[in-house]
Amino acid sequence: MFFFLLQTEYGDIFKVTLEHEGDRVAELKIKYFDTIPVTCSMCVLKTGFLFAASEFGNHALYQFQAIGEAEDVEASSATLMETEEGFQPVFFQPRGLKNLVRIDQIESLMPIMDMRVMNLFEEETPQVFTLCGRGPRSSLRILRPGLAINEMAVSQLPGTPSAVWTVKKNVNDEFDAYIVVSFVNATLVLSIGETIEEVSDSGFLDTTPSLSVSLLGDDSLMQVHPNGIRHIREDGRINEWKTPGKKTIVKVGSNRLQVVIALSGGELIYFEMDMTGQLMEVEKHEMPGDVACLDIAPVPEGRQRSRFLAVGSYDNTIRILSLDPDDCMQILSVQSVSSPPESLLLLEVQASTGGEDGADHPASVFLNAGLQNGVLFRTVVDMVTGQLSDTRSRFLGLRAPKLFSATVRGRQAMLCLSSRPWLGYIHQGHFLLTPLSYETLEYAASFSSDQCAEGVVAVAGEALRIFTIERLGETFNETVVPLRYTPRKFVLQPKRKHLVIIESDQGAFTAEEREAARKECLEAAGMGENGNAMENGGGDEEEKEDALSDEQYGYPKAESDKWVSCIRVLDPRTGNTTCLLELQENEAAFSLCTVNFHDKEYGTLLAVGTAKGLQFWPKRSLAAGFIHIYRFVEEGKSLELVHKTQVEGVPLALFQFQGRLLAGIGSVLRLYDLGKRKLLRKCENKLFPNTIVSIHTYRDRIYVGDIQESFHYCKYRRDENQLYIFADDSVPRWLTASHHIDFDTMAGADKFGNVYFVRLSQDVSDEIEEDPTGGKIKWEQGKLNGAPNKVEEIVQFHVGDVVTCLQKASLIPGGGECVIYGTVMGSLGALLPFTSREDVDFFSHLEMHMRQEHPPLCGRDHMAFRSAYFPVKDVIDGDLCEQFPTLPPDLQRKIADELDRTPGEILKKLEDVRNKII
């Protein structure tokens with residue numbers, strides 16, 4: 001039973017067993033086991049699983065079907081044949097998985113090669129487009145903030161519904177019995193079974209719209225309609241309560257034992273269920289004006305009634321009324337809000353001891369209110385006095401949120417339907433409010449049947465939708481578009497909103513060569529087995545071979561000096577590739593940009609920088625570099641080569657500048673204009689230290705990133721047609737990412753895992769701008785071949801992971817901009833600028849206390865880690881502060897006392913900052 005599993009760099013796993021006599025090993029046997037994507041580490045669990053941490057792409061969990069006892073290619077140290085050239089090789093044919101079966105995978109963006117935050121689909125929040133993976137596992141992933149939805153069914157209804165409810169026949173039933181849909185002038189009752197069909201003998205009144213349908217007591221149903229309450233007993237008897245006079249019911253709130261209705265004019269009537277199962281009118285109460293919404297808290301365990309009724313009025317207040325017999329309909333507390341409430345939901349969080357976060361939580365009731373201005377307002381209701389405290393609010397969308405109770409993982413959760421749906425639920429001890437990636441819904445109810453244990457039924461437009469919510473706790477859900485080679489960079493074609501992606505791989509075969517080799521291999525394998533295998537098992541053979549997907553098994557490797565590369569035009573809405581150009585003759589693409597030249601003949605063009613025959617070893621060499629110019633044809637769906645220009649190095653950076661093209665070729669910054677046959681040089685500067693890897697421009701300034709020497713600020717003087725370097729950095733930085741923040745500021749990241757911002761001081765900046773003759777820039781000399789002015793480092797932070805892309809963006813509507821970064825290990829992070837000194841003081845003190853009271857698990861000093869290469873400067877570690885809720889309650893109180901706050905206030909502050917980012 002004892003064996004080792006080894007994996008090669010192609011992904012093949014071998015099973016190694018040792019034959020031993022006592023302590024002496026007599027024989028070593030190695031046997032082909034299976035092939036999975038290349039991992040950096042594997043772990044066999046005692047329960048019969050194998051976890052594979054992939055080198056790139058998604059990680060996977062496999063289950064052992066067998067442990068390789070069956071016949072397979074095997075080699076043994078006893079039978080190895082040694083010849084003059086060395087040992088005789090043993091050959092095997094990779095096949096589909098036999099001993100392992102994949103049962104789950106963890107989504108991973110590793111490595112993120114490039115990233116943009118854009119709102120291409122005109123949704124409420126922008127999408128994050130990332131280029132991920134390498135080789136056969138590369139993909140474009142479109143990330144949307146929110147949870148993924150799995151749509152189970154959509155069916156059209158005979159009109160536009162206004163509301164939907166689900167109801168059980170008995171309190172002990174596991175599944176719902178009816179879906180009740182209300183229209184403007186009718187109610188439709190659907191029974192849930194194998195299929196969902198309309199029924200007419202349920203006892204519900206179907207000639208009127210419904211305001212509420214629910215289970216009452218243990219086994220009777222209640223329908224509230226504008227003219228009364230219909231109580232349907234289990235044995236089919238029906239009790240009706242009619243409204244007095246000309247009044248109609250406008251709002252209703254109920255739980256299993258209590259019902260409160262609001263009549264037009266503001267009168268509240270409270271009913272309770274007595275011992276015989278009858279609904280009895282208990283109390284009436286006149287409100288000062290019309291009632292906007294109301295809700296009753298659920299009945300606590302072991303009680304006969306719930307104590308709290310929440311009533312929202314159009315005078316921007318929410319009142320908590322008591323339902324106790326002693327002080328029935330007395331106002332316990334009043335909360336004023338910023339806008340009239342549209343919907344209320346009292347949500348009870350059960351008491352938990354040693355919960356998921358290890359702490360004990362007493363039972364508590366939260367009052368949630370959706371206001372007409374699109375804000376969700378949350379506050380805690382004191383279980384004894386009914387007083388309201390600890391209020392939080394969050395803007396959800398442009399429509400007033402409607403609130404519904406739902407069940408998620410067996411716990412109460414809250415659905416908020418605004419201009420998009422949101423889910424509020426408890427995950428690992430934290431309350432999370434996350435959007436759902438779905439269209440706008442009008443009304444919803446939780447849904448449970450034997451096909452779908454925890455679902456949601458909702459109405460939108462004229463359709464009834466049933467869906468489940470997947471993968472709780474995640475921030476983004478993703479759409480994956482597979483790519484051919486390792487993606488390098490991409491740009492947006494501005495007019496048609498298509499993406500142009502360049503992909504290149506070293507030491508690989510082109511798609512045609514791979515296909516030809518595969519066919520040859522298949523034919524050889526098919527004929528070699530038993531001569532006639534192709535005839536009888538032909539169809540089967542094809543299917544089997546298709547199981548050997550490139551994503552699973554990787555590409556065959558070629559010589560290291562062979563490059564393959566392609567340029568792809570992709571429509572992100574459909575995920576279809578509209579054009580794919582393979583580069584020929586060992587050329588590989590490294591940079592691209594869109595450019596509008598002065599003469600408007602072609603409109604927007606695409607410039608791509610390529611290198612032919614690039615080698616890094618024994619020393620860096622190349623046959624030639626080229627800049628290709630393509631134009632978009634067929635409405636931006638396809639590319640046509642205009643011309644290509646040979647250059648002396650690899651063009652690693654291209655950028656548009658004042659109707660011309662700026663190119664960084666080795667250590668030369670050059671300005672090109674468009675000619676008929678090729679690009680024409682207009683101006684150049686050869687004074688950069690090593691290799692230019694990034695170019696950004698703003699007005700007449702050019703910000704150049706060098707591979708080893710950080711940023712150089714340049715100015716182009718049109719009258720002299722000259723490029724001058726007027727400022728650079730005093731610290732050597734090996735740049736991996738850069739982004740332009742404002743006129744004087746650049747953000748950069750280096751290959752040792754640091755993110756930093758540099759800024760040119762204001763007086764130097766003004767001096768450069770107000771220099772009419774340009775004499776100052778021209779004649780000023782710097783020290784040691786450097787530029788005359790130096791930029792200052794204003795922010796420095798060690799992320800601990802190589803940052804590959806930076807972007808300034810806002811991920812929420814109306815939110816402030818933050819700098820979003822993506823890393824080699826596939827993580828996304830955000831740097832949010834503080835706007836007030838008070839916040840800076842608060843969080844820096846919180847961080848200081850967290851460093852002392854909650855040191856990292858492995859004992860490394862937190863400050864030393866964040867300052868691994870340069871002292872951390874003006875950045876507060878949000879990840880550390882976010883660990884505050886996981887501390888034991890007494891430690892939370894201790895830190896809060898030292899900050900002159902309560903733990904609740906600190907949690908509220910943390911939530912506010914998180915809500916500004918996403």
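A salt bridge is taken here as a side-chain nitrogen of Lys or Arg within 4 Å of a carboxyl oxygen of Asp or Glu. By this rule the protein holds 58 salt bridges.

The structure is a predicted model, in which local features need pLDDT of at least 70 and side-chain atom pairs count only at pLDDT 80 or more, while totals for chains, interfaces and linings use all residues. Residues are numbered from 1 along each chain as its sequence is written, and side-chain values use heavy atoms, with hydrogens and water left out.

**Overall picture**

The C-alpha trace of the protein spans about 95 × 85 × 65 Å along its principal axes, and the protein has 11 helices and 66 strands (DSSP runs numbered from the N terminus, with helices being H or I of at least four residues and strands E of at least two). Of the 918 residues, 50% count as buried, where buried means under 20% relative accessible area, exposed over 50%, and partly exposed in between, with a 1.4 Å probe and protein chains only.

An unreviewed UniProt entry lists residues 2–74 as "domain: RSE1/DDB1/CPSF1 first beta-propeller"; such annotations may be inferred rather than shown by experiment. Over residues 2–74 the chain is 0% helix and 63% strand, and the end C-alpha atoms lie 17 Å apart.

**Salt bridges**

| Arginine 305 and glutamate 272 | 3.0 Å | 33 residues |

Glutamate 151 counts as partly exposed because its relative accessibility is 38%, whereas arginine 465, at 11%, counts as buried.

Arginine 305 is partly exposed at 22% relative accessibility, while glutamate 272 is buried, with a relative accessible area of 16%.

Elsewhere, a network of salt bridges links Glu648, Arg670, Arg681, Glu684 and Lys686.

**Surface patches**

Patches are made of residues with over 30% relative accessible area and no salt bridge, like charges being joined within 9 Å and nonpolar side chains (Val, Leu, Ile, Met, Phe, Trp, Tyr) within 5 Å. Phe2, Phe4, Leu6, Leu18, Val25 and Leu28 make a nonpolar surface patch of about 560 Å², to which strand 1 (4–7) and strand 3 (24–35) each give two or more residues. Phenylalanine 4 is in strand 1 and is partly exposed, with a relative accessible area of 38%.

A negative surface patch is formed by Asp763, Asp766, Glu767, Glu770, Glu780 and Glu792, and its largest share, three residues, comes from helix 5 (residues 762–769). Glutamate 770 sits in the loop between helix 5 and helix 6 (775–779) and is exposed, with a relative accessible area of 62%.

**A buried leucine**

Leucine 415, in strand 36 (residues 411–417), counts as buried because its relative accessibility is 1%. From C-alpha to C-alpha, leucine 415 and leucine 433 are 9.4 Å apart in space and 18 residues apart in sequence.

Definitions and conventions
Areas by Shrake-Rupley, 256 points an atom, 1.4 Å probe, with all protein chains shown as cover. Lys, Arg positive; Asp, Glu negative; His and termini not counted. Charge placed at Lys NZ, Arg CZ, Asp CG, Glu CD.
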